[in-house]
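Hello,

Here is the structure I promised to pass on to you.

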Amino acid sequence: MRGTAMPDDLNRLKKRVPHQASVSTILGPAAGFIDETLRTFGLPLFWPYDSLEAAVEVLLNSSDAVYRGQNVPYGDGKPVVLVPGHLGGDVTLAPLSMWLHAIGYRPAKSNILININDRSLDNPLTVASRGAALRIGRKTIMIAFDTGLRSALRVAEVEREYVSDVIALGLSDPMPAAPTGVRLHVIESARRASVAPDQRVNIVPGSRALLYVNPAAWRVLAGILREIPITLLDRS
Amino acid sequence: MKERRKSDRADKLQEQIPLAGRPMTMCDAEVNGIKIAFDIRGSGPPLILVMGYRLNSRAWPLDFIDALAERFTVVLFDNRGTGLSDKPLFGYELSNMAKDVCGLMDHLEIARANVLGYSMGGAIAQELVCRYPERVLSLVLCATLCGGRRAIYARSTVINIMHDLDGLDPAAAARRIWTVTYEPKYLATNIDKVERQMQRELETPTPLHAADLQFQAFVDFDTSEALSSVRSPTLIMTGDGDVLIPARNSEVLAELIPDAQLAILPGFAHRVIWESTGQCVALIGNFLEQTQAAANAGDSYAG
């Protein structure tokens, strides 16, 4: 498995990936939602094709042994908080949550019905990550999908006492900097490799929109989780 | 044959506390980079008892220890993560826990010993005999499995009872686990005894991280390929009502280990040693004495 993106490389990466003018910069903040939707799901013109492609991908992957917990390392019970991406919520992350539980982790609900604006995730994520850490007595791992990563990093920065690692499943922005004292790991679709050109980012085949049920991404995720050492909370 | 080298340390311990029936008095040994708590009882050929998942040496039934101590020098110890031993965040791979046992033998200057492993302790004993065959005189595997593809795992409902204990206090968690470890009829008729046993086990509760890491190690464990090389005489025993580690696993072990003896006790569950202590002591004692006699007669496996 490829290693973890380290903060030292991030500035270099940022320079390498130029910031592109987004719809929101043109139409103003009110267009943020449309901007995020277009960035995440592409132009509506291509949605029928993308849907068909997604259906085929799901069908082809449906019998993958990873979904049955085979050929993946068993977990050590670390608390995990899942952070949904744009237009996602606890429901869309339920398959991954059940799978993580089955392979030996303790996924906690983030109580997010739907992610329309990543700023609105901060409070529920703070409660979820702190609650999970205190309940288990260990630092939490946050697994964030595309735009959810922004909130995860903000919360991790403030809650570093309770969060040890953030795992990004898909990057919505150029590679962000990891908060001090928090490790950042990245899994990205091969189709978005240009967003994450660093060779130490874990690249997996398959479409970006389906990363949250992508068996290759889950396999890499299980490997990353296994490598993360347990960090007990400082109870003193 | 010299089963046990002269050991001032072990002899001194035995002089102080030679007989069965006394309360547990644990000593410490620096082993494999951590502190391992151990106790020695009785006299005779050395017999090391390796406890199972989440339990410490206080969990062994007292009458079981007392009976064995009349015939053997019984070495009890707390696996890493349990009891009075250190509880690090690393090193719970069963091969490494077997190294802990080997290190404890070195500390006690025991060259070769009989080894009895219960449940996950049986898996540690398998790792020990596969990795350090010269250190194991004979092997008793109780209610255990070989891991890997040959293992028959419990139903997910049973596993969930063992593993989904979040939010429960230690006593509630133990009572939940009883339902899959004790035979229901035994539990109904011996509830006071089981309750007392639980209180003893919970005097030094196992921290959650150690339990999780032991569970992970037990899932990863696989000796199915290596067991055919075992040359130590082996007794495999289990209860036919074990729903946690089904009795079929013992049959598989008996197929894999050359010349292993198999005893499936009818009407008992995973805690067969607690439910049928007398029968287990008789089986184990007779087997070990048989082995000893064969070794004394110059049988090849005794080296």
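**Chain A in outline**

Chain A holds eight helices and six strands. In sequence order, they make the pattern α-α-α-α-β-α-β-α-β-α-β-β-β-α. Please keep in mind that this is a predicted model. Chain A has 236 residues, and 41% of them count as buried. If you take the contacts in chain A with a separation of 6 or more, 65% come from residues 24 or more positions apart.

**The sheet of chain B**

Over in chain B, you will find an open sheet of eight strands with mixed pairing, in the order β1-β2-β4-β3-β5-β6-β7-β8. The edges are taken by β1 (27-31) and β8 of chain B; each has a single partner strand, so one side of each has no neighbour in the sheet. From one strand to the next, the twist averages 25 degrees.

B:L47 shows both pairings: B:N114 stands opposite it in β5(B), and B:V74 is its bridge partner in β4(B).

Is β3(B) enclosed or open to the outside? Five of its five residues are buried, so the strand is largely enclosed by the rest of the structure. Both of its faces are covered, with B:P46, B:I48 and B:V50 buried on one side and B:L47 and B:L49 buried on the other. As a general point, the side chains of a regular strand alternate between the two faces of the sheet.

Helix α3(B) lies across β1, β2 (34-41), β3, β4 (73-77) and β5 of chain B, and runs at about 115 degrees to β1(B). Helix α4(B) lies across β3, β5 and β6 (136-142) of chain B, at about 145 degrees to β5(B).

These two helices also pack against each other. Their axes are 8 Å apart and the angle is about 75 degrees, for α3 (residues 94-107) and α4 (residues 120-131) of chain B. That angle makes α3(B) roughly perpendicular to α4(B). On the α3(B) side the contact is made by B:L94, B:S95, B:M97, B:A98, B:V101 and B:C102, which meet B:A123, B:I124, B:E127, B:L128 and B:R131 of α4(B). By class, the residues of this contact are eight nonpolar, one polar and two charged.

**The nonpolar cores**

In soluble globular proteins, nonpolar side chains tend to be buried together. Here the largest nonpolar core has 90 residues, and those that touch the most other members are B:L47, B:L49, B:V50, B:V75 and B:I124. Not counting residues up to four places away in sequence, B:L49 touches B:W60, B:V74, B:V75, B:L76 and B:L116. Apart from this core lies another, of 54 residues, which includes A:A156, A:Y162, A:V186 and A:V213.

**Where the chains meet**

How many residues of chain B are in contact with chain A? Nine residues of chain B contact 13 residues of chain A. The chain B side of this contact has four nonpolar, two polar and three charged residues.

Leaving aside residues up to four places away in sequence, A:L232 touches A:G137, A:R138 and B:H209. The C-alpha atoms of A:L232 and A:R138 are separated by 4.2 Å, although the two residues are 94 apart along the chain. A:L232 counts as partly exposed because it has 14 C-beta neighbours inside 10 Å.

**Two backbone details**

Most residues other than glycine have a negative phi. B:S119 is not a glycine, yet has a positive phi of about 55 degrees. Its place is in the loop between β5 (113-118) and α4 of chain B, and B:S119 is buried, with 27 other C-beta atoms within 10 Å.

B:D259, also not a glycine, has a positive phi of about 60 degrees. This residue is in the loop between α10 (248-256) and β8 (261-265) of chain B. B:D259 counts as exposed, with 11 C-beta neighbours inside 10 Å.

Happy browsing, and best wishes

How values were computed:
Residues numbered from 1 in each chain as written. Chains lettered and ligands numbered in written order. Predicted model: local features only at pLDDT ≥ 70, side-chain atom pairs only at ≥ 80, totals over all residues. Buried ≥ 20, exposed ≤ 12 C-beta atoms within 10 Å, placed from the backbone. Contact = placed C-beta atoms within 7 Å. Axes fitted to C-alpha atoms, helices over the stretch in contact; angles between N-to-C directions. Helix = DSSP H or I, 4+ residues; strand = E, 2+ residues; numbered from the N terminus. Parallel < 35°, antiparallel > 145°, perpendicular 65-115°, else oblique. Nonpolar A, V, L, I, M, F, W, Y, C, P; charged D, E, K, R; others polar. Pairing = 2+ DSSP bridges. Core = buried A, V, L, I, M, F, W, Y, C linked by C-beta atoms within 7 Å.
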